[in-house]
Amino acid sequence: MAEVTKFLLGEDEIPTTWVNLLADLPGDPPPPPLNAQTGEPAGPDDLSPIFAMALIGQEVSTEPEIEIPEEVRDIYRLWRPTPLLRARRLERELDTPAHIYYKYEGVSPAGSHKPNSAVPQAYFNKQEGVRKLVTETGAGQWGSALALACRMFEMECEVFMVGVSYDQKPYRRAMMETWGATVHRSPSDLTEAGRSQAEHESGSLGIAISEAVEVAAGADDANYTLGSVLNHVCLHQTVVGQEAIRQMEMAGEAPDVVVGCVGGGSNFAGISYPLLRQKLRTGSGPRFVAAEPAACPTLTRGRYAYDYGDTVGMTPLMPMYTLGHDFVPPSVHAGGLRYHGDAPSVSALVKQGAVEAVAIRQTAAFEAAVRFARCEGIIPAPEPAHALRAAFDEAEAARRAGEERVLLINLCGHGHFDMSAYDAYLRGDLEDLDMPEQELEDSLTTLPEAPALT
Ligand SMILES: *Cc1c(COP(=O)(O)O)cnc(C)c1O
């Protein structure tokens, strides 16, 4: 029999619940977000002006599983279950005894894992009578996912797009507009936050978040949505890991190492948390490796502290690894992994040592991505290119050790809208940018006053 390449599930095997890892975390409950004015734990009242109540409920839920509504599963059926592939050609190219599997989320209409959360976020808002969703987008992936989801539920969608991406990625904007969204270049002059940050011409995710939050908070029938970081977003992404568990069973293997890239943490959480729950419950399981860019090294060099989620300080204080909320990553960096903070849950797991973090330089990431593309065909998005680089290093370690380790990678999106970055890499124009120590120190002086985290 020919060797199997793709491990496929039927539509009836789309998960029926999301996995809430918070219910299984050992030790004290993770520190709560704080209201920045009072210093008290942020409650529903802090969030209800801009988020749907159902999503706030999921944000703080301690139920181990949360049911996926049938209407959401119905839309998931457009692309889920996604395939798991064994990268046999890549294994030969790397001359490694490791078995390399990748879960491919680039098959969604928006080309990434993001619709896994955009669809339920739109659904729960629609249920509560919200007419319009407002958000920010960096590289354009979250904006396109939300534009798609709003279209599915006949809602309006307004997107503040980080200036540099708006200029460099006109086709992502056109994609959002094709699905009916309105897209603004951020910083814009439509908001107080945008006007106050006008000198940061190229924009940043933090500034765009401030703009979107301001618009949503000022309108009765509009809400804000976030594409990463928050518990409920990580929760929605766990369809990825649940499917991967079944698909690895079909392959007759269990992963020794799970690798994902981290921008805000959602795709990493999505593939890891169902497996991490198994590990917490059974006492054995894989290692978990989070790959981040060396130019925005939140988990590897940031401080574990309370910080704002946005630049101008409108959000509650989040307990997380942070580079300082007004850190603006270098605009020449090609990846979308440019957020100053990370999901509190991923941060806590790194702090506890349950998840390992590695920083990857962008040329090394692109080198891995091009090698991957030449073996497997798929051209990865720049973000999972960082995960690929980390996985190559694991494959090399397996080769040196002479061990048949099983690697599972989340290939969370394709790079079809990032070909200018590939072009720069292939021309030799991509620079490696490490964050200078002094810049990091300066940026961390802006942390708000809050209880220390240990
Ligand atoms: C948004 C995005 C990321 C970064 O966000 P996470 O929440 O860390 O997953 C990574 N890869 C792709 C393809 C994305 O669209």
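Ala, Val, Leu, Ile, Met, Phe, Trp, Tyr, Cys and Pro count here as nonpolar, Asp, Glu, Lys and Arg as charged, and the others, Gly among them, as polar. This is a predicted model, in which local features need pLDDT of at least 70 and side-chain atom pairs count only at pLDDT 80 or more, while totals for chains, interfaces and linings use all residues. Residues are numbered from 1 along each chain as its sequence is written.

**Around the ligand**

- The shell around the ligand divides into 8 nonpolar, 10 polar and 2 charged residues.
- Of the 20 residues around the ligand, those that come nearest are Ser 228, Gly 263, Ser 266, Glu 383 and Gly 413, where a residue is near a molecule or strand if its C-beta atom, placed from the backbone, lies within 6 Å of it.
- At least two residues of this shell are supplied by each of α6 (141–152), α13 (266–282) and α17 (382–401); helices (H or I, at least four residues) and strands (E, at least two) are DSSP runs, numbered from the N terminus.
- The largest share of the shell, 3 residues, comes from α13.

**Two domains**

- The protein chain is assigned domain 1 (81–111 + 232–430) and domain 2 (115–226), with bounds that come from an automatic or database domain assignment.
- The centres of domain 1 and domain 2, taken over C-alpha atoms, are separated by 24 Å.
- In domain 1, 27 residues are in contact with 29 residues of domain 2, two residues being in contact if their C-beta atoms, placed from the backbone, lie within 7 Å.
- On the side of domain 1 that touches domain 2, the elements giving two or more residues are α11 (231–236), α12 (238–250) and α13, and the residues of that side divide into 10 nonpolar, 14 polar and 3 charged.

**Helix packing**

- The axes of α12 and α13 are 6 Å apart and the helices pack at an angle of about 55°; axes are lines fitted to C-alpha atoms, for helices over the stretch in contact, and angles run from 0 to 180 degrees between N-to-C directions.
- The helices α12 and α13 are therefore oblique to each other, given that angles under 35 degrees count as roughly parallel, over 145 as roughly antiparallel, 65 to 115 as roughly perpendicular and the rest as oblique.
- Among the residues of the contact of α12 with α13, 7 are nonpolar, 5 polar and none charged.
- The axes of α16 (residues 362–376) and α17 come within 7 Å and cross at roughly 85°, which makes α16 roughly perpendicular to α17.
- The contact of α16 with α17 has 10 nonpolar, 1 polar and 1 charged residues.
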